[in-house]
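Colleague: Hi! Could you walk me through this one?
Modeller: Happy to, here it comes.

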Amino acid sequence: MPDIIDDITSLKKQKNATILAHYYQDSEIQELADFTGDSLKLARAATRVDTDVIVFCGVHFMAETAKMLNPEKRVLLPDLQAGCSLAESCTASELARYQQMLREKGHRFQTVTYINSSAAVKALSDWVVTSGNAEEVVRRIPPEEEILFVPDRHLGGYLEDVTGRKMILWDGACMVHEIFSVRDLLDMKRKHPQARTIAHPECPANIREHSDFIGGTEGMLRFVGGFSAPAEFIVATEVNMLWQLKSRYPQHSYHPVPGITCACNKCPHMARNTLEKLRDCLLYERPEITWQPEFERARVVLQRSLLN
Ligand code: CIZ
């Protein structure tokens, strides 16, 4: 293990690269990264990087976002197959057909798209949001306009709850957040009666309704950071987030909510990035995210939504 870490550290210098890692990456990758964050924080960090190369340890749509915001940089992703069940649930051709159908029926709407989507879908959108800024963007849309929210029906449902705004919801879901076991969560709450439950808004309503705090990963860090005395937290999000929570706030204890069929809920796409693939991608400078025609329009939407 130490050899590969030394290799990555020296290749990073040699190739003038910055490593960005999402909180859902394995701990050894987060430990090595120059910046860790959610997709909003990483997208913003990517625009301030002064190296020629960005290695994005996350999933494909995140690396694409970094490239769109930094066309002049080389953006590498350790495994090009690191996808996202949400992004796959809404293709650009399906979305274009649905928007057309709504327009023909006389709907006047804006399309608000969760960042977990392809560049081609972002290019068909009015706004791109993350779990960190979705509520603010939805609140800014004039009430006379309808909102088509894609692709996460659970995040959409959560936004309807907090803003009181009814939206047209796409029928997508995150394979990690959708399968938390409510029965296990209730058992854990009985076993740890003092613990506060924190859940990601990608979780279904039956998990959210038993939670004390609902927020994206940055929101969770802020919430937990507000407790100085040792406390207990039951956490319903991708299990690698617990490493980030423990390293920032080691005085607390954390219990991951199991999935319906697994003891802890890990994103199989994020897990495709390994230390070996990170080393090889620095060494061979590939796989690389290359500029695609749809990036042009998606970039305008991203800049308007995330950087202002
Ligand atoms: O916005 C992100 O990075 C995702 C997908 C989840 C979160 O809350 O960090």
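Modeller: One term to start with: a polar contact is a pair of N or O atoms within 3.5 Å; within protein, one must be able to donate a hydrogen and the other to accept it, and residues adjacent in sequence count only if both atoms are side-chain atoms. This is a predicted model, where local features need pLDDT of at least 70, side-chain atom pairs count only at pLDDT 80 or more, and totals for chains, interfaces and linings use all residues. Residues are numbered from 1 along each chain as its sequence is written, and side-chain values use heavy atoms, with hydrogens and water left out.

Colleague: Thanks! How far is H200 from an oxygen atom of the ligand?
Modeller: A polar side-chain atom of H200 sits 2.7 Å from a ligand oxygen. For H22, an N or O atom of the side chain is 2.6 Å from an oxygen atom of the ligand, and for T217 that distance is 2.5 Å.

Colleague: And how much of the ligand does the protein bury?
Modeller: The protein buries 98% of the 270 Å² that the ligand exposes when taken alone (accessible areas by the Shrake-Rupley method with a 1.4 Å probe).

Colleague: Switching topic: is N240 buried or exposed?
Modeller: N240 counts as buried because its relative accessibility is 10% (buried means under 20%, exposed over 50%, partly exposed in between, with a 1.4 Å probe and protein chains only).

Colleague: What does the side chain of N240 reach?
Modeller: The backbone oxygen of Y24, at 3.0 Å. Y24 is also one of the residues surrounding the ligand (a heavy atom within 4 Å).
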